[in-house]
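User: Please take a close look at the annotated site of this protein, and then at the pockets, with the criteria spelled out.

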Amino acid sequence: MVQPKLIIHGGAGSSIHSKGGIDQVRKALYSVLEKVYPLFAQGISATDVVIEGCRLLEDEPLFNAGTGSVLQSDGQIRMSAGLMNGTTQSFSGVINVSRVKNPIDLAQALQGSMDRILSDQGAAELARELQMPIYNPLIDRRLNEWIEERKHNFTREMANVVAEPARTGTIGVVALDAAGRLAAGTSTGGKGFERIGRVSDSPMPAGNYATSDAAVSCTGIGEDIIDECFAARLVIRVTDGLSLKEALNRSFLEATQRKRDFGAIAIDATGAIGFGKTCDVIIAAFHDGHQMGDSLEFETGTQVFVV
């Protein structure tokens, strides 16, 4: 038996608006930790803990996933999610799905399928098969952002969001359960104002990956995460013998040298919890079984932190 560990994120970016913004985000993150961490005591697996954590984060309008997702260039919301069970090393996901409350539920439904990653039309058909109710994840703040950006032909950064730029918003959960099983899940509304059909890193092993050695969820500029194949690269380095801290340091040093813009959270099989970033802020919080902590007030220059 091992001490269960949990880390979650709500995106990455250049700043968090005001002290009130930090307090609001911290309250939202800790609320999820307080609801999800006790599930370990019930014998819930890491994968199921990740799913529940992702659901709660998708339901929180502060973050760009599920309810509160950003609008794409045509004014539509298209969401993506990925889930990976580290024990079975099974990845599943959905790409650009609309009109569902929790995209992570579709990723969960695909875990035992022969076809484990579905795009928009296939994901919509799956939602109908599962009899998921039709749901509109749009909130007024996101609609107002889209209207404002449309006036400027989508050339400016979004206004009035907790994390800037909102184009880097994602939610993610990584867990290690008492049996030593690891899992990771990631969900996003996308960059916002993107070309129709654009695919994020979240439903790819580049942005969400887990084995029996380590599990990782990424957030930030999806194209940068994909170019680094970051989540899989980090896990492989841990598998090859690096500590989580060493793997994070090396991987983020390389990403910084290539001027990438993203962050990541991770847990390894020893129970080490870590996060890293090339951007100024990663919105992350963790529970190590004894206390909760977060990344919200780490200095801009701090790249890697390991508990």
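Analyst: UniProt positions are given here in the numbering used for this structure, feature names are shortened, and annotations may be inferred rather than shown by experiment. With that caution, the unreviewed UniProt entry lists T170 for "active site". The model is predicted, so local features need pLDDT of at least 70 and side-chain atom pairs count only at pLDDT 80 or more, while totals for chains, interfaces and linings use all residues. Residues are numbered from 1 along each chain as its sequence is written, and side-chain values use heavy atoms, with hydrogens and water left out.

T170 sits in the loop between β6 (163–164) and β7 (171–176), where strands are DSSP runs of E with at least two residues and helices are runs of H or I with at least four, numbered from the N terminus. T170 counts as buried because its relative accessibility is 3%, buried meaning under 20% relative accessible area with a 1.4 Å probe and protein chains only. Leaving aside neighbours within four places in sequence, T170 is in contact (heavy atoms within 4.5 Å) with H9, G10, G11, N64, T186, S187, T188, S202, C218, T219 and G220.

Turning to the pockets, each is an open set of points on a 1 Å grid over the protein atoms alone where a 1.4 Å probe fits, with protein on both sides within 12 Å along at least five of seven lines, and lining residues have an atom within 4 Å of a point. The largest holds about 240 Å³ of space, and of its 13 lining residues S98, R99, A124, A127 and R128 are the closest to its centre. The second largest pocket holds about 170 Å³, and its lining includes S98 and R99.

Definitions and conventions: Points joined across faces, edges and corners; volume = space filled by probe spheres on them. Buried < 20%, exposed > 50% of the residue type's maximum accessible area, 1.4 Å probe, protein only.
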